[in-house]
Amino acid sequence: MDFFIQLFTDPVGFYNQHELLIAQIGINAILAISLFVTFYSGQLTLANAGFMAIGAYTTVILSLYLPTPLPVNMLIGVLLAGLVGVIVGLPVLRLRGVFLAIATIGFVEALRLGVILNVPITGEGQGLKNPTADPLGGIVPILISLPVLAYLAWRLTRTRLGQAWAAIREDELAASSNGINVPLYKMIAFVIGAVIAGYAGALETHINFFVDPGEYGVARTIQILTFAVVGGTTNVFGPVVGAVFLTALPEIVRQFASYRDVVNGIILILVIIFRPQGIVGRGGLALIRPRWLPAGRSARERPASAH
Amino acid sequence: MAQQLLNAIFIGSIYALFAVGYTLVFGVLDVLNLAHSAVFMLGAVITYSLVALHGVPFLPAAVIAVLVCGLLGLLIEFVALRPLRRRNAPPISALISTIGLALIFVAIVEQATPSSFFHWLWQDGANSVRFPSNAVPNPTFHVLGLTIEGTKLLILITTVVLMLVLGYVIRFTQLGRALRAVAENRRAATLLGIQVDRIFASTLFLSSALGGLAGLLFGLAISDISPYIGRDQVELKGLAVIVLGGMGSIPGAVLGGYLLGMIEVLAFVRFGSNIEAGVAFAALFLVLVLRPQGLFGARLRERL
């Protein structure tokens with residue numbers, strides 16, 4: 001309760017006291033947006049943590065060895081994440097559903113265990129110290145980037161591109177028979193997701209003094225997925241709300257802070273069962289009909305609304 | 001080198017045992033049960049707590065742990081899968097809800113301390129513990145210059161026997177026929193009078209019991225026990241195994257398990273331990289991209 005009282009009565013004090021939390025919320029929200037973009041086009045890809053790692057490591061390595069200014073280093077990191085996105089996307093995006101999810105998990109772990117832990121320049125298992133880390137200054141670009149990215153993603157879903165994604169999500173075959181270049185649009189979504197994730201990774205190195213390979217495993221991607229699913233993926237605000245809600249929750253309910261994964265798990269299951277559209281999103285609760293109850297109106301309507 | 005290959009067979013047995021449960025659920029329900037690795041971990045944790053905290057002898061402890069894991073399978077079915085089937089939700093939803101259960105299982109063990117609510121289950125928080133060495137006799141055999149520990153031999157024997165039993169059950173019993181029918185075509189099976197929901201529940205029970213058994217054998221003979229053994233050691237490797245063998249194929253999962261064991265050992269011998277860890281995922285990635293039906297292809301395409 002104190003959390004909210006302070007938020008409204010003393011916003012400056014609140015900001016000063018919770019700077020790192022706010023920065024983490026911002027990063028998580030940006031990551032959730034990166035997952036949203038591919039999810040919106042109907043693809044469950046779990047490669048975000050890998051692209052994050054590329055953005056983060058590239059930025060820090062360049063800062064360590066080259067005199068180039070930080071924004072340039074970040075830009076290179078982001079572009080590299082996008083490039084790897086194209087290279088990985090070409091073979092992987094032919095897969096669908098569960099297989100796509102598994103392949104992208106394979107990419108994340110192969111990158112982390114096979115490359116990052118074996119190439120000396122990444123500091124291997126030790127990680128890297130970030131020479132340009134600036135926890136308090138780093139928060140500003142995060143707070144600016146989040147609304148900008150959310151706005152851009154929201155605009156994007158309203159363009160022809162976004163409509164094509166929605167069409168592919170609803171029915172891939174119908175979309176392609178209507179002249180939509182399905183592989184191209186899937187690739188665009190995947191690469192945009194990769195770029196945003198790489199950017200989030202680069203931003204995150206600002207607020208941490210350290211790049212730790214353990215941060216970029218599948219657990220991270222699952223966390224991002226949780227944000228997006230709990231918030232809802234019908235529009236871009238869902239993932240942002242999900243990220244804010246789930247990141248702030250352990251701070252709000254301190255008693256359960258150490259059980260945060262239990263709470264997250266329960267929320268995730270409740271949402272996916274009773275509110276598949278997420279917290280943000282239209283409609284009420286999805287009701288599950290017990291076997292003894294006769295089929296109601298909504299159940300009879302379902303076959304018609306499936307297409 | 002021969003010793004390494006022998007170790008590959010032992011770890012391969014664990015992978016096979018774990019992956020068979022994974023693939024069984026995928027074959028019958030068309031769902032990727034990501035809580036399977038948490039059940040694997042609980043198999044080891046429950047056996048450990050019965051033996052080390054409650055003084056139960058190993059064999060009854062193992063039986064109880066396997067049964068409890070089977071019941072956890074029913075929990076997965078009733079909490080995470082059945083409500084979604086009632087709503088005709090897409091298969092991806094089930095994947096996400098089982099992730100939720102996995103988060104809960106792991107976090108409960110991870111947060112358990114001597115003073116917490118779950119102190120009877122686990123007291124070491126996120127730390128790893130070693131299985132009490134006096135709980136099981138562990139004679140060491142020396143054959144042809146190879147060292148074979150009794151507990152590792154136990155893994156191999158258990159796996160081979162169980163795979164034969166499972167193969168028999170699936171080929172020749174009423175339950176097995178029903179399983180195959182449901183895997184082949186859910187609607188047709190319903191029309192033939194098979195109680196599909198009951199088959200799903202049995203599948204989850206069987207799969208999770210196998211997963212728990214794999215976990216307890218792993219904790220007994222291969223590695224220390226911690227809340228993360230499922231997530232870090234077998235979850236993704238299990239995925240690699242069932243992809244190598246072809247999703248939903250039980251013989252494929254067994255062959256894939258031993259194959260992954262071999263690949264890892266060869267990578268370890270050739271390139272060292274750092275590369276070994278990444279090999280499974282590189283293999284997974286390559287097989288999915290180049291040969292999504294699995295390495296063994298059409299001959300094992302028929303499910304189960």
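User: Which residues does B:Ile194 touch, not counting residues up to four places away in sequence?

Analyst: Two residues are in contact if their C-beta atoms, placed from the backbone, lie within 7 Å. By that test B:Ile194 touches B:Ala178, B:Ala181, B:Val182, B:Ala189 and B:Ile199, leaving out residues up to four places away in sequence. This is a predicted model, in which local features need pLDDT of at least 70, side-chain atom pairs count only at pLDDT 80 or more, and totals for chains, interfaces and linings use all residues. Residues are numbered from 1 along each chain as its sequence is written, and chains are lettered from A and ligands numbered from 1 in the order in which they are written.

User: Where is the place of B:Ile194 in chain B?

Analyst: Helices (H or I, at least four residues) and strands (E, at least two) are DSSP runs, numbered from the N terminus. B:Ile194 sits in the loop between helix H7 (186-191) and helix H8 (196-221) of chain B. Its C-alpha atom is separated by 9.4 Å from that of B:Leu179, 15 residues apart along the chain.

User: How many C-beta neighbours does B:Ile194 have inside 10 Å, and how does it count?

Analyst: A residue is buried if 20 or more other C-beta atoms lie within 10 Å of its own, exposed if 12 or fewer, and partly exposed in between, with C-beta atoms placed from the backbone. B:Ile194 has 18 such neighbours inside 10 Å, so it counts as partly exposed.

User: Is B:Leu210 buried or exposed?

Analyst: B:Leu210 is buried, because 30 other C-beta atoms lie within 10 Å. This residue lies in helix H8 of chain B. B:Leu210 touches B:Leu17, B:Val20 and B:Gly21, again not counting residues up to four places away in sequence.

User: Which elements make up chain B, from the N terminus on?

Analyst: Chain B has 11 helices and two strands, in the order α-α-α-α-β-β-α-α-α-α-α-α-α. The radius of gyration is taken over C-alpha atoms, and the globule rule is 2.2 Å times the number of residues to the power 0.38. For chain B the radius is 19 Å, close to the 19 Å that the rule gives for 304 residues, so the chain is as compact as a globular protein of that length. Its C-alpha trace spans about 55 × 45 × 35 Å along the principal axes. Buried residues are 52% of the 304 in chain B. Of the contacts in chain B with a separation of 6 or more, 72% come from residues 24 or more positions apart.

User: What are the corresponding values for chain A?

Analyst: Chain A has 14 helices and two strands. A compact globule of 307 residues would have a radius of gyration near 19 Å, and the 20 Å of chain A agrees. The C-alpha trace of chain A spans about 65 × 50 × 35 Å along its principal axes. In chain A, 48% of the 307 residues count as buried.

User: At what angle do helix H1 and helix H9 of chain B pack?

Analyst: Axes are lines fitted to C-alpha atoms, for helices over the stretch in contact, and angles run from 0 to 180 degrees between N-to-C directions. Helix H1 (residues 2-29) and helix H9 (residues 229-245) of chain B pack at about 70 degrees, with their axes 9 Å apart. Angles under 35 degrees count as roughly parallel, over 145 as roughly antiparallel, 65 to 115 as roughly perpendicular and the rest as oblique. H1(B) and H9(B) are therefore roughly perpendicular to each other. Residues of H1(B) including B:Tyr15, B:Phe18 and B:Tyr22 meet residues of H9(B), among them B:Val234 and B:Lys237.

User: How do the residues of the contact of H1(B) with H9(B) divide?

Analyst: Ala, Val, Leu, Ile, Met, Phe, Trp, Tyr, Cys and Pro count as nonpolar, Asp, Glu, Lys and Arg as charged, and the others, Gly among them, as polar. The contact of H1(B) with H9(B) has eight nonpolar, two polar and one charged residue.

User: How many residues of chain A are in contact with chain B?

Analyst: In chain A, 39 residues are in contact with 38 residues of chain B. Helices H5 (70-92), H6 (97-116), H11 (218-231) and H13 (260-274) of chain A each supply at least two residues of the side that touches chain B. H6(A) gives the most, with 13 residues. That side of chain A divides into 28 nonpolar, seven polar and four charged residues.
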